[in-house]
Amino acid sequence: MVPDSFSCYLVHKTDNDRIESAVAQRPIRDLPPGNVLIQVAYSSLNFKDAMAAQGHPGIVKRFPHVPGIDAAGTVIASESSAFNVGDRVIATGHELGVERWGGWAEYVRVPAAWVVPLPESMALEESMVLGTAGFTAAQTVASLIHHGITPDSGELMVTGATGGVGSIVIQILAKLGYQVVALTGKQHRHQWLKRLGAARVLGRDALADKGGRPLLSAQYAGAIDTVGGKPLATLIKSIKYRGCVACCGVVAGTDLPLTVYPFILRGVTLDGIDSAWCPDYLRVSHWHRLANEWRIQPPQDFAARVSLDEVGKMAERMLAGQITGRIVVRPVGD
Ligand SMILES: NC(=O)c1ccc[n+]([C@@H]2O[C@H](COP(=O)([O-])OP(=O)(O)OC[C@H]3O[C@@H](n4cnc5c(N)ncnc54)[C@H](OP(=O)(O)O)[C@@H]3O)[C@@H](O)[C@H]2O)c1
């Protein structure tokens, strides 16, 4: 049954332009238009959500706002022939949690085109342990495979290794037989990263090149970069002939101080990954892989579960680079 109102984590701007947030009760009619109404069982905390929770102007266009770029739950009303009441589904990306209210709420209403069926062998909670981070991880791994990088090609570097995307990438790549070199700023997490499947773990200094040479010693067959900026530039200069870097993130910066030499002398490919507008047919196939041949079995301490009351604090910790693994958001009490 469709309720009259619902709980959500609401971010708003005060009259003197201060950003405040709190768990609030809103009438269901406040949800944006859409032909599928989903009762959210789980959402998650992604870097974009952490920024949205602070009302970042690059993410939040209108206040009040509900963050949450992903959600998994059960359809409770549908005007679409693609989904029936009772279907278990996942919604990620598009405008969810950015242009329109997202998954940090008991309900989301979205266009059917944004929804994919939950893979049969996957539980709702598992889908948000992965969430947008896992979906993005799948895209990056698919990119390296598409560009011909095999386990025999050589070592792959993964940056931002303890973060959501990085830590899932490591587990998928290790499962597929790749040798992963994990790059992390967290000295105390080296063993944890090895438990996830990293063959070697390096500190961030390994990509802190200050020499400015256009090419560095060719060390990695490929890489998955979640941080951007100068570390990404150093990484691209360190890729072997015909290697590939799939990049998705910006936590270390948006500038890319590079020459064209890695591309024209070593044939390196830089593949940009976008999860928000990934075409539907790929969306379904990536989720299928995550539920089957790329299914990971994370350790118990990989994901923490938080309520709407707790997620704001976690978002602050994420922006301070203090989170390890994944944070699952449970909008309803058990
Ligand atoms: N393109 C897309 O569609 C897409 C989708 C999902 C995410 N993203 C982006 O990918 C990035 C990672 O997302 P996430 O969800 O994995 O975030 P996350 O969980 O916060 O992980 C980011 C990791 O980067 C490392 N890091 C943090 N600050 C850093 C700095 N200043 N320099 C170098 N490394 C730093 C930290 O790992 P260590 O401590 O282990 O180094 C941190 O755990 C974000 O920029 C996010 O916006 C993009």
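A residue is called buried if 20 or more other C-beta atoms lie within 10 Å of its own, exposed if 12 or fewer do, and partly exposed in between, with C-beta atoms placed from the backbone. S143 is buried, because 21 other C-beta atoms lie within 10 Å. The model described here is predicted: local features need pLDDT of at least 70, side-chain atom pairs count only at pLDDT 80 or more, and totals for chains, interfaces and linings use all residues. Residues are numbered from 1 along each chain as its sequence is written.

S143 belongs to helix α2. Helices (H or I, at least four residues) and strands (E, at least two) are DSSP runs, numbered from the N terminus. Contacts of S143, leaving aside neighbours within four places in sequence, are made with C244, A246, D271 and I273. Two residues count as in contact if their C-beta atoms, placed from the backbone, lie within 7 Å. S143 and V165 are 22 residues apart along the chain, and 14 Å separate their C-alpha atoms.

The chain is assigned two parts, domain 1 (5-121 + 300-329) and domain 2 (132-272). These bounds come from an automatic or database domain assignment. The centres of domain 1 and domain 2, taken over C-alpha atoms, are 29 Å apart. To the contact, domain 1 gives 10 residues and domain 2 gives 11 residues. On the side of domain 1 that touches domain 2, the residues comprise 2 nonpolar, 6 polar and 2 charged. In this grouping, Ala, Val, Leu, Ile, Met, Phe, Trp, Tyr, Cys and Pro count as nonpolar, Asp, Glu, Lys and Arg as charged, and the others, Gly among them, as polar.

The ligand is surrounded by 32 residues, the closest being G160, G163, T184, G249 and S275. A residue is near a molecule or strand if its C-beta atom, placed from the backbone, lies within 6 Å of it. Two or more residues of the shell come from each of α1 (47-53), α2 (124-146) and α3 (164-175). By residue class, the shell around the ligand holds 14 nonpolar, 14 polar and 4 charged. Both domain 1 (5-121 + 300-329) and domain 2 (132-272) supply at least three residues to this shell.

Several strands pair in the parallel sense. Pairing requires that DSSP finds at least two bridges between two strands. Strand β8 (residues 156-158) runs parallel to β11, with 3 bridges. Within this pair, M157 lies opposite A223 in β11. Strand β11 (residues 220-225) also pairs with strand β12 (residues 239-247), in the parallel sense and over 5 bridges. Y220 has I239 in β12 as its bridge partner. D225 is bridged to C247 in β12. From β11 the chain passes through helix α5 (residues 229-237) to β12, and this β-α-β crossover is right-handed. Right-handed means that, with the strands pointing away from the viewer, the path from the first strand over the helix to the second runs clockwise. β11 is mostly covered, with 6 of its 6 residues buried.

Strand β12 in turn runs parallel to β13, joined by 4 bridges. Here C244 stands opposite T269 in β13. L270 lies in strand β13 (residues 269-272). L270 counts as partly exposed because it has 18 C-beta neighbours inside 10 Å. Not counting residues up to four places away in sequence, L270 touches I236, V245 and C247.

The peptide bond from F63 to P64 is cis, with omega near -5°. P64 sits in the loop between α1 and β4 (70-78). D17 has phi near 65°, a positive value in a residue other than glycine. This residue, D17, is placed in the loop between β1 (5-13) and β2 (19-27). D17 is exposed, because 7 other C-beta atoms lie within 10 Å. H94 is not a glycine, yet its phi is positive, about 50°. The loop between β5 (88-92) and β6 (107-110) holds H94. With 19 other C-beta atoms within 10 Å, H94 is partly exposed.
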